[in-house]
Amino acid sequence: VLGSIMAGLVRTVGRRFFSSKATTGLTGMAVAKDPHLALRVLYTKTLAALEKMPRDAAYRQHTEGIINGRFELVKAVSDVAELEKKINCGQIEEVIIQAEAELSLARKMVDWKAWELLVSEPPEGQWKWP
C-alpha cells in the first residue's frame, strides 16, 4: 500500500521538485531527477538565444510564445504529473528532450540568420508546389 501511495507523490526538497516515478516505460529514457530545474535552465537559455534575433523574426515570435507559456507552467505547477498534463506533449522527460532540441535549433538559427533576405533571387519555380 505504501509503495502505491509513494508512486503518485512528488517530493519537495527546498525549492526543487523531484518526480517519484520509477520508470518512464520508454526504452532508453531514464526518469528525470529534477525536471523543473532542467526545464528552467533550458527555457532560460532558449529565451536568451531568441533575444539575439530581431523582434519581428517569425521563428522568434512563435517560439517565444511557446517557451514562455511552458515556462510559466513550470514555475506554477509543482506536481510533475500535473505539469505533464498541462503541457500535453508527453512525459516530462520527452518535454526536456524537446526543450534541448529547441535550444539547439535556436542557436543554429542565430548563426544562420534565417530572418535575413536571400543573397540572390531563387530560381523561378523553386517554391512552387505541383
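Is Lys-113 buried, exposed or partly exposed? Lys-113 is partly exposed, with a relative accessible area of 41%. Welcome to this structure, which is a predicted model.

**Helix 2 with helix 3**

- Two packed helices are described by the angle between their axes and the distance between the axes.
- Helix 2 covers residues 35-50 and helix 3 covers residues 58-76; they pack at an angle of about 155°, and their axes are 10 Å apart.
- Angles over 145 degrees count as roughly antiparallel, so helix 2 is roughly antiparallel to helix 3.
- Where helix 2 passes helix 3, the crossing is left-handed.
- On the helix 2 side, the contact is made by His-36, Leu-39, Arg-40, Tyr-43, Thr-44, Thr-46, Leu-47 and Leu-50.
- Helix 3 brings Tyr-59, Arg-60, Thr-63, Glu-64, Ile-67, Asn-68, Arg-70, Phe-71, Val-74 and Lys-75 to this contact.
- Sorted by class, the contact of helix 2 with helix 3 has eight nonpolar, five polar and five charged residues.

**Helix 2 with helix 5**

- Helix 5 spans residues 92-112, and helix 2 packs with helix 5 at an angle of about 20°, with the axes 9 Å apart.
- Angles under 35 degrees count as roughly parallel, and helix 2 and helix 5 are therefore roughly parallel to each other.
- Helix 2 and helix 5 have a left-handed crossing.
- Helix 2 takes part in this contact through Pro-35, Ala-38, Leu-39, Leu-42, Tyr-43, Lys-45, Thr-46, Ala-49 and Leu-50.
- From helix 5 come Ile-92, Val-95, Ile-96, Ala-99, Glu-100, Glu-102, Leu-103, Ala-106, Arg-107 and Val-110.
- The contact of helix 2 with helix 5 divides into 14 nonpolar residues, one polar residue and four charged residues.

- Most residues other than glycine have a negative phi.
- Asn-88 is not a glycine, yet its phi is positive, at about 60°.
- You can find Asn-88 in the loop between helix 4 (80-87) and helix 5.
- Asn-88 has a relative accessible area of 61%; the cut-off for exposed is over 50%, so Asn-88 is exposed.
- Lys-113 is also a residue other than glycine with a positive phi, near 50°.
- Look for Lys-113 in the segment after helix 5.

Definitions and conventions: Residues numbered from 1 in each chain as written. Predicted model: local features only at pLDDT ≥ 70, side-chain atom pairs only at ≥ 80, totals over all residues. Heavy atoms only, no water. Axes fitted to C-alpha atoms, helices over the stretch in contact; angles between N-to-C directions. Helix = DSSP H or I, 4+ residues; strand = E, 2+ residues; numbered from the N terminus. Parallel < 35°, antiparallel > 145°, perpendicular 65-115°, else oblique. Left-handed = near helix turned anticlockwise from the far one by under 90°. Contact = heavy atoms within 4.5 Å. Nonpolar A, V, L, I, M, F, W, Y, C, P; charged D, E, K, R; others polar. Buried < 20%, exposed > 50% of the residue type's maximum accessible area, 1.4 Å probe, protein only.
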